Amino acid sequence: MSPHLRRLATKELTINMGPQHPATHGVLRLVLDLDGEKVIKCTPYVGYLHRGTEKLGENRTYPMVLPLTDRLDYVSSMANNIGYCVAVERLLGVSVPERAKFIRTIMAELTRIANHIVWLATHALDIGAMTVFLYSMREREKILELYEMACGARLTVTYPRIGGVRCDINQEFIDACTAFINEFPSHVEEYERLIDQNRIWLVRTKGIGVISAEEAINWGLTGPTLRGSGVPYDVRKCAPYDAYDQIDFDIPLGTNCDVYDRYRCRMEEFRQSVRIIRQCLEKLPGGLVLNPDAPGYDMAAGPRKKPAPPAPPPAAGAAPAEAPAAPAGPQFEDLYVATEVPKGELGFYFVSDGTGKPYRMHVRAPSFVHASVLPRLCEGGLVADVIANIGTIDIVLGECDR
Amino acid sequence: MTVRDIIKRAFLVEIIKGMALTLKMMFTKPVTIQYPEERRRVYEGFRGRHAFVRDAVSGKEKCIGCMKCANICPAQCITIAKEKIENKLVVVKYDIEALRCIYCGYCVEVCPVCALVLTEEYEYSSTDKAALYFDKEKLLKNWDEFAAKQQSETYFNKFWRPDGVDSAKMPKSKREQGPVPTRPVLKPAEPAPVAAMPKETAQP
């Protein structure tokens, strides 16, 4: 470099991207150290949307925590509800009627479609393809209408219950759902026609945000973000819950580990979800949708009756001061249950002291884990690719900050 | 690069395909609903503005003050006060703070006498906080406004007795709850079973 050019050399610049930035999908703040257009360092700051869901859960009985989980990932609230219910059911040892299992699976897959639609719309909008946004909102509206048909709410649904679902679906829902899954694959083709081969889209996504399978596992990525790197990990297959063990479906995988492959994975998941819903509607059994023995809304906050478990020893040094008057003292047990929400693996970890309230609740939010991988994806790239990387990991800050 | 690829690149084939779709969309029916003029259909069980069902016979609310709704409410937005008047527990205050409500509908589902309902009304935003603090009278007024809009003579909320849920464990009054009339019953009918219901449910 000549002395003249060296004088012209760019200076490092630190800028804030967010928390109020339309492309950060919420209140994510990234501090970027830039050298020209190159990102040298990227530091995500989270917590702007912290509402203390986990702490709030400790003061509420298990059924009362359920509406709070709607507000974690507000784009796929139904999947959060189901994840929570599956976890609590396993903790309390409650079985779920077959019909409820299938209804839940239908709802979970509808949520997957709705979530991926929002993801596709915003991801494409961030990268510069606005038309996709307009078309995909049209289909999302139909899914929200299906939610409303089932439970009277469109976004914060609170539809599942511990031991089943709140109310049965009617024939109108089944007809509308069948009509939706019949027409939806043609809409997926429309989205693909717009961007799949579009040269601007290809340039902006191919070879961007590459993360190898090994690294992706080490970073704790899950869901389509991990499967884009070719790791066939899906909780629906690995540890089936609800009706997934009775359903035939494939897990789409990527090979190039870049933004484009993750996009392809999610587009394929649209089709797989349609396939799952179709099988569920065909196999939908009759019967009740709620286990009559499941704890109801009036679940007592005090010690709950249990069919005499093989009492584990109380955790050492963790005996709470406000030990209830139960003869044997609190019986601690803990449990981690993961479900596959559209964004990845959503886990609920409970420490229970045998009462109607969780002693401690922790949410393993995929968005939080995915946000941590942003520096790895962004550093060394260009500023414009930061936007593509935020889109590809599919985060919602409501879930990330909890 | 094959000849086909070169042609594709040179003639912007993929762009033309996308544009063709956009052009096609110009001739399809718009999906947008022109909101204040047009309204979407509200489905059964929609969780909107709160109301107290006005008992067609007594003209009062049916609440017995069992506190179940106040206890289950995750947002803790229901306040109930009871007083003993002439040896009877009377609900003197029942407030719902709509601004805090998260519309989960638990209160409607737990109510043993089906006194509470989340109506299909959704246009009640206000610039005045006090207007969204529903007391007993306001809740009954909400019901009157909602009932007046109803086409049918009777109304039954989906969450009073959800489909597919075993009703054997529900309180008797909830099991026997039928559709409620939306119009005031003019003639003082014979003491309907509705009026006798609160006594059957045990007071806490």
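**View 1. Glu54(A) and Arg402(A) pair through their side chains in this predicted model.** The two side chains make a polar contact of 2.8 Å. (A polar contact is a pair of N or O atoms within 3.5 Å; within protein, one must be able to donate a hydrogen and the other to accept it, and residues adjacent in sequence count only if both atoms are side-chain atoms.) A polar atom of the Glu54(A) side chain also lies 3.0 Å from the backbone nitrogen of Val363(A). Glu54(A) sits in helix α2 of chain A, residues 53-58. (Helices are DSSP runs of H or I with at least four residues, strands are E runs of at least two, and both are numbered from the N terminus.) With a relative accessible area of 13%, Glu54(A) is buried. (Buried means under 20% relative accessible area, exposed over 50%, partly exposed in between, with a 1.4 Å probe and protein chains only.) Residues up to four places away in sequence aside, Glu54(A) touches Arg360(A), Met361(A), His362(A), Val363(A) and Arg402(A). (Contact means heavy atoms within 4.5 Å.) Leu155(A) is 101 residues from Glu54(A) along the chain, and their C-alpha atoms are separated by 21 Å.

Residues are numbered from 1 along each chain as its sequence is written, and chains are lettered from A and ligands numbered from 1 in the order in which they are written. In this predicted model, local features need pLDDT of at least 70, side-chain atom pairs count only at pLDDT 80 or more, and totals for chains, interfaces and linings use all residues; side-chain values use heavy atoms, with hydrogens and water left out.

**View 2. Ser273(A) meets Glu109(A).** Their side chains are joined by a polar contact of 2.9 Å. Ser273(A) belongs to helix α12 of chain A, residues 259-283. Its relative accessible area is 1%, so Ser273(A) counts as buried. Beyond neighbours within four places in sequence, Ser273(A) is in contact with Glu109(A), Arg112(A) and Ile113(A).

**View 3. Tyr135(A) has contacts in chain A and chain B.** Leaving out neighbours within four places in sequence, its contacts in chain A are Tyr191(A) and Leu194(A). Those in chain B are Leu21(B), Thr22(B) and Met25(B). Tyr135(A) is part of helix α6 of chain A, residues 130-151. Tyr135(A) is buried, at 9% relative accessibility. Asn218(A) is 83 residues away from Tyr135(A) in sequence and 37 Å away in space, C-alpha to C-alpha.

**View 4. Arg166(A) and Glu109(B) form a salt bridge between side chains.** The N to O distance is 2.7 Å. (A salt bridge is a side-chain nitrogen of Lys or Arg within 4 Å of a carboxyl oxygen of Asp or Glu.) Across the interface of chain B and chain A there are five salt bridges. The interface also has 18 residue pairs in polar contact, both residues at pLDDT 80 or more. Together they bury about 3500 Å², 53% of it on carbon and sulfur atoms. (Buried area is the accessible area, with a 1.4 Å probe, that two parts lose on being put together, summed over both.)
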